[in-house]
Amino acid sequence: MAPVLVKDVRKQFGATKVLHGVDVSISDGEFVVLVGPSGCGKSTLLRMIAGLENITSGEISIGGRVVNNMPPKERDIAMVFQNYALYPHMTVRDNMAFSLKLKNAPQEEIDKRVKPAAEILGLVPYLDRYPRQLSGGQRQRVAMGRAIVRDPQVFLFDEPLSNLDAKLRVAMRTEIKELHQRLKTTTVYVTHDQIEAMTMADKIVVMHDGIVEQIGAPLDLYDNPVNTFVAGFIGSPAMNFLKGSVKANGSTNFVGPGDVTLPVAAPAAWGGRAVTCGVRPEHFVLADDGAEAVVHVVEPTGSEVQVAASMGGQDVIAVFRERHMFKPGDKIRLKADPKLVHLFDDADGGKRLVA
C-alpha cells in the first residue's frame, strides 16, 4: 500500500493539450475513482500513473518515490484492463501466476500466492480452464486475480466493467469494493459511469476537458456540486436546469420563462441576478402551490416513476416513489424544498452560488 501524488501534471500529444495541470492526492489505502465523459483525460492520467504514457511536465509519486522516468515494472503497481488482456493459450492458474514466473519465483511461492487469490475471487473450480471456457465476469475476476497475485502497492483499474452486461456490472461492482475492503490496497479506478463512481469510491475526481472540476466524497459532490458540469454529471437521472433570474420581493424566488416560480434559499442581495436553477429529479414534489408542468412521458420502473415534463417551455424530469398514474398532456404542479434548490451564476461560468 502507498499514497499516490499527482502534482501539476500536463500532457500533450504534439500540439494538442490533453491534461492542463492536474493535481490529485490519493491517501494510503484509499479507493479513488476518476470519472468524466469520454475524452476528458481520465484514462490518459491513469496510464501516466502506470508508466504507459510519458509525462509532458509535472510530477507523479508512488509511496514517496517520484516515478516520472521509472519503467512500469519498477513502479510496484498492477493494472486491470478493460479487455481483460488474458493469454488465451494459458490456463487460469498460469495466467494468474505469469508475473511470478517472469521473476523466476519458486513454484512453492507461486502456489502460495495463487491459491489465496483464487479463493478470494471464487476461481478455485476454474484454475485448469482456459479463458475461452469462462464467462465475461469470470475472465474479469481472473484479470483481478493476476493483479492480486503481484501484491502491488497500487491497483489501477481502467474501465474494467464496461464490457459486461448490466446485471453483471452491478455484481462485479460489489466484488471489487469487497476486495478493496479486504486487501486495503490503494486503488485508482477509471470509469465514465457516475453510478459506479458513486457506489464504489471513497473519493471521486470529476474531470472535464483535461482539468479537475471537483474532488470529494461521493455524497459531498452530489449535495454540493461546485458548478453546473459537476451537478449535471453526478446523479442519475441528471439534475434539472432551468434558466431564469432571482427575484427578491419580501421572499426570494427563482423566476423563469412562463412565470415559473420556485422558492429558493437565497439572500435578497441576489435579486435580479441571471442564474441557472438546479433541482434534482427526486427533490420535486407535487404541491398545489407549485409551478405548472405538462407531462410528456411517464416511465414506471417498479420502485419509482420517472416523469418527463416541460415547465415554462424547459424540459424537466421528476422522480416519485409513489405510483402516480399520469398521462401525456396532464398538468401537474411541482415544487422543491428551497434548501435543496441550487443556483448557479450564469455570469461566472456556471459556478454554484453559496450564501
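**Exercise 1. Around helix α2**

Which residue just after α2 takes a positive phi? Work it out on this predicted model, and then say which residues of α2 are buried and what they pack against.

*Solution.* 
- Step 1: Look just past the end of helix α2, where asparagine 104 has a positive phi of about 60°.
- Step 2: Go back into the helix, residues 92-102, and collect the buried positions: Val92, Asn95, Met96, Ala97, Ser99 and Leu100.
- Step 3: Recall that an α-helix has 3.6 residues a turn, so residues three or four places apart point the same way.
- Step 4: Find the partners. The buried residues of α2 pack against α3 (107-120) and α4.

**Exercise 2. Helix α1 and one of its threonines**

How many residues of helix α1 are buried, and what does threonine 44 touch?

*Solution.* 
- Step 1: Helix α1 spans residues 42-50, and seven of its nine residues are buried, so the helix is mostly covered.
- Step 2: The buried residues are Lys42, Thr44, Leu45, Leu46, Met48, Ile49 and Ala50.
- Step 3: Zoom in on threonine 44, which lies in α1. Its relative accessibility is 17%, and buried means under 20%, so threonine 44 counts as buried.
- Step 4: Leave out residues up to four places away in sequence, and threonine 44 touches Lys11, Val18 and Leu19.
- Step 5: Just after α1 comes glycine 51, with a positive phi of about 90°.

**Exercise 3. Two helix pairs that share α4**

How do α4 and α5 lie relative to each other, and how does α3 lie relative to α4?

*Solution.* 
- Step 1: Begin with α4 (residues 136-149) and α5 (residues 166-183). They pack at an angle of about 20°, and their axes are 11 Å apart.
- Step 2: Angles under 35 degrees count as roughly parallel, and therefore α4 and α5 are roughly parallel to each other.
- Step 3: List the residues that make the contact. Helix α4 gives Gly136, Gly137, Gln140, Arg141, Met144 and Ile148, while α5 gives Leu168, Met172, Glu175, Ile176, Leu179 and Leu183.
- Step 4: Sort them by class: seven nonpolar, three polar and two charged residues.
- Step 5: Turn to α3 and α4. Their axes come within 9 Å and cross at roughly 140°, which makes α3 oblique to α4.
- Step 6: In this second pair, Arg113, Val114 and Ala117 of α3 meet Gly145, Ile148 and Val149 of α4. The classes here are four nonpolar, one polar and one charged.
- Step 7: Check the handedness. The crossing of α4 with α5 is right-handed, and the crossing of α3 and α4 is right-handed too.

**Exercise 4. A phenylalanine in a strand**

Is phenylalanine 155 buried or exposed, and which residues is it in contact with?

*Solution.* 
- Step 1: Locate phenylalanine 155 in strand β7, residues 154-158.
- Step 2: Its relative accessible area is 6%, so phenylalanine 155 is buried.
- Step 3: Set aside its neighbours within four places in sequence. Phenylalanine 155 is then in contact with Ala78, Ala147, Ile148, Leu183, Thr185, Thr186, Thr187 and Val188.
- Step 4: Compare sequence with space. Aspartate 76 is 79 residues away from phenylalanine 155 along the chain, and their C-alpha atoms are separated by 9.2 Å.

Definitions and conventions. Residues numbered from 1 in each chain as written. Predicted model: local features only at pLDDT ≥ 70, side-chain atom pairs only at ≥ 80, totals over all residues. Heavy atoms only, no water. Axes fitted to C-alpha atoms, helices over the stretch in contact; angles between N-to-C directions. Helix = DSSP H or I, 4+ residues; strand = E, 2+ residues; numbered from the N terminus. Parallel < 35°, antiparallel > 145°, perpendicular 65-115°, else oblique. Left-handed = near helix turned anticlockwise from the far one by under 90°. Contact = heavy atoms within 4.5 Å. Nonpolar A, V, L, I, M, F, W, Y, C, P; charged D, E, K, R; others polar. Buried < 20%, exposed > 50% of the residue type's maximum accessible area, 1.4 Å probe, protein only.
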